[in-house]
Amino acid sequence: MSGPVLRLTDVERVYQAGEVSVRALAGVSLSVRPGELVAVMGPSGSGKSTLLAVAGGLDTPTAGSVEVEGVQLGGLDPTAVAHLRRDRIGYVFQDYNLVTDLTAAENVALPLELAGAGVRSARSAAVAALDEVGLAAEADRFPDQLSGGQQQRVAIARALVGGRRLVLADEPTGALDSQTSIAVLKVLRARIDAGAAGVLVTHEARYAGWADRTIFVRDGRLVDATPERDDPRRLLGESS
Ligand code: ADP
């Protein structure tokens with residue numbers, strides 16, 4: 001079996017604001033394997049966004065380690081972290097974050113072109129990625145010609161184009177009605193089932209149901225988690 005796509009070990013993040021220090025994460029350990037979607041829930045200010053930022057190399061832990069596909073982020077210089085982010089990690093945000101004057105296909109192709117792919121091969125990979133989220137026919141539309149749910153599916157295609165295997169989603173359904181949210185989560189689930197790994201921050205317990213397990217964050221700590229469901233034998237106390 002291949003190792004986890006994401007592994008956090010004893011991660012701590014303390015923010016220093018003048019005299020006051022805030023422990024946003026306190027000893028968080030978490031592994032996410034290929035094919036696995038982990039939902040993160042918790043009250044506002046509990047550390048969910050910090051968790052995603054640290055997992056994605058956008059923020060640096062004050063202690064502990066973050067590993068993406070076996071690479072320790074702490075051992076890399078900032079340029080190498082930026083490259084790893086670009087090549088291996090996709091983000092999905094509540095407000096889609098598409099470039100408004102690029103078409104859907106151009107948005108999805110962008111990370112590949114930034115990584116040095118030719119325009120043509122980037123375009124064909126982008127169209128294939130759009131096909132996987134059910135939007136091949138919308139490839140040449142601009143974001144403002146797409147519904148919110150379609151824009152979010154473009155963002156999922158962009159997050160996972162070109163063999164990237166880690167998607168970090170921060171309230172991706174926050175701006176969508178419940179029917180559209182379910183359509184978006186189905187697409188995310190399908191991409192994860194195809195071999196990616198995902199972390200989904202959500203306020204909605206019913207959406208967390210799309211994940212394999214849910215972790216709860218309070219005051220920077222993981223306080224509870226549903227059991228991993230990968231191996232039912234473990235629940236029966238048998239070894240595998
Ligand atoms: P959540 O996403 O669950 O709402 P956050 O990760 O945004 O929580 O924040 C966790 C804690 O860290 C909060 O107390 C917040 O005020 C604090 N925090 C987050 N970012 C910063 C920062 N850049 N500087 C200082 N404190 C921060």
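The side chains of Arg 213 and Glu 36 are joined by a polar contact of 2.8 Å, a polar contact being a pair of N or O atoms within 3.5 Å, where within protein one must be able to donate a hydrogen and the other to accept it, and residues adjacent in sequence count only if both atoms are side-chain atoms. The model is a predicted one, in which local features need pLDDT of at least 70 and side-chain atom pairs count only at pLDDT 80 or more, while totals for chains, interfaces and linings use all residues. Residues are numbered from 1 along each chain as its sequence is written, and side-chain values use heavy atoms, with hydrogens and water left out.

Arg 213 lies in strand β9, residues 213-218, where strands (E, at least two residues) and helices (H or I, at least four) are DSSP runs numbered from the N terminus. A polar atom of the Arg 213 side chain also lies 2.5 Å from the backbone oxygen of Ser 31. Arg 213 counts as buried because its relative accessibility is 8%, buried meaning under 20% relative accessible area, with a 1.4 Å probe and protein chains only.

Val 92, placed in strand β6 (residues 89-93), is likewise counted as buried, at 1% relative accessibility. The C-alpha atom of Val 92 is 6.3 Å from that of Asp 170, although the two residues are 78 apart along the chain.

We turn now to the ligand. The residues around the ligand (a heavy atom within 4 Å) include Tyr 15, Val 22, Pro 43 and Lys 48. This shell divides into 4 nonpolar, 6 polar and 1 charged residues, in a scheme that counts Ala, Val, Leu, Ile, Met, Phe, Trp, Tyr, Cys and Pro as nonpolar, Asp, Glu, Lys and Arg as charged, and the others, Gly among them, as polar. Both β2 (20-32) and α1 (48-55) supply at least two residues of the shell, and α1 gives the most, with 3 residues.

Key. Buried < 20%, exposed > 50% of the residue type's maximum accessible area, 1.4 Å probe, protein only.
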